[in-house]
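Here is a briefing on one protein model. It covers salt bridges, cores, strands and helices.

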Amino acid sequence: MAFYVYMARCADGTLYTGYTTDLSRREQAHNAGKGAKYTRSRRPVRLVWAEQCPDKSAALRRERAVKRLTRREKLALIASGGEDGDFVIQRQIPPA
């Protein structure tokens, strides 16, 4: 089973970081108001970046690391993944 760390851009321009096993299902949950409490009042959200991780532990570590980044660093990470911030799975993190 693959795990993903992702960033979603909310309607108010803020970025939300989380992890999931199914990117499209998670985006749908956020937009249905059944995702994180943070995104419920900031819909619609759009996934703008993701990384695949080999297991849940690696995904949680990466999520924590991404959450520690500044907004500027997060935007640079998003920009490095695709043209004009198009959604792309950035890279696969090899197993430890």
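The side chains of Glu-63 and Lys-67 meet in a salt bridge, with N and O 3.3 Å apart. A salt bridge here is a side-chain nitrogen of Lys or Arg within 4 Å of a carboxyl oxygen of Asp or Glu. The model is predicted: local features need pLDDT of at least 70, side-chain atom pairs count only at pLDDT 80 or more, and totals for chains, interfaces and linings use all residues. Residues are numbered from 1 along each chain as its sequence is written, and side-chain values use heavy atoms, with hydrogens and water left out.

**The Glu-63 to Lys-67 pair**

- Glu-63 and Lys-67 are 4 residues apart in helix H3, so about one helical turn separates them.
- An α-helix has 3.6 residues a turn, so residues three or four places apart point the same way.
- Glu-63 is buried, with a relative accessible area of 11%.
- Lys-67 is partly exposed, at a relative accessible area of 45%.
- Buried means under 20% relative accessible area, exposed means over 50%, and partly exposed lies in between (1.4 Å probe, protein chains only).

**Other salt bridges**

- The search of the whole structure finds 3 salt bridges.
- Asp-12 pairs with Arg-42 in a salt bridge, where the closest N and O atoms are 3.1 Å apart.
- Asp-12 sits in the loop between E1 and E2, and Arg-42 in the loop between helix H2 (37–40) and E3, so this pair ties together parts 30 residues apart in sequence.
- Asp-12 is partly exposed, with a relative accessible area of 46%.
- Arg-42 is also partly exposed, with a relative accessible area of 24%.
- Arg-62 and Glu-51 form a salt bridge through their side chains (2.7 Å, N to O).
- Arg-62 belongs to helix H3 and Glu-51 to strand E3, so the pair ties together parts 11 residues apart in sequence.
- Glu-51 is buried, at a relative accessible area of 1%.

**Overall layout**

- The protein has 4 helices and 4 strands.
- Helices (H or I, at least four residues) and strands (E, at least two) are DSSP runs, numbered from the N terminus.
- Along the sequence, the pattern reads β-β-α-α-β-α-α-β.
- Of the 96 residues, 38% count as buried.
- The protein exposes about 5700 Å², and carbon and sulfur atoms supply 49% of that area.
- Accessible areas come from the Shrake-Rupley method with a 1.4 Å probe; for residues, only the protein chains shown count as cover.
- Among contacts between residues at least 6 apart in sequence, 61% join residues at least 24 apart.
- Contact means heavy atoms within 4.5 Å.

**Nonpolar cores**

- The largest nonpolar core has 12 residues, including Phe-3, Val-5, Met-7, Trp-49 and Val-66.
- Strands E1 (3–9) and E3 (46–53) and helices H3 (56–68) and H4 (71–79) each give two or more residues to this core.
- A second, separate core has 10 residues, among them Ala-8, Val-45, Leu-47 and Ala-50.
- A nonpolar core is a set of buried Ala, Val, Leu, Ile, Met, Phe, Trp, Tyr and Cys residues joined through side-chain atoms within 4.5 Å.

- E1 and E2 run antiparallel and are joined by 6 bridges.
- Two strands pair if DSSP finds at least two bridges between them.
- Tyr-6 has Gly-18 in E2 as its bridge partner.
- The hairpin has 5 residues between its strands, and Gly-13 in the turn has a positive phi of about 90°.
- Strand E2 (residues 15–20) is mostly covered, with 5 of its 6 residues buried.
- Thr-17 lies in E2 and counts as buried at 4% relative accessibility.
- Leaving out residues up to four places away in sequence, Thr-17 touches Val-5, Tyr-6, Met-7, Glu-63, Val-66, Lys-67 and Lys-74.

- Lys-74, Leu-77 and Ile-78 are buried in H4.
- These three cover an arc of only 100° around the axis, which puts them on the same side of H4.
- The arc is that of the directions from the helix axis to the C-beta atoms.
- Arg-72 and Ala-79 are exposed, on the face of H4 turned away from its buried side.
- Ala-29 lies in helix H1 (residues 23–31).
- The C-alpha atoms of Ala-29 and Arg-40 are separated by 9.6 Å, with the residues 11 apart along the chain.
- Ala-29 touches Lys-34 and Gly-35, not counting residues up to four places away in sequence.
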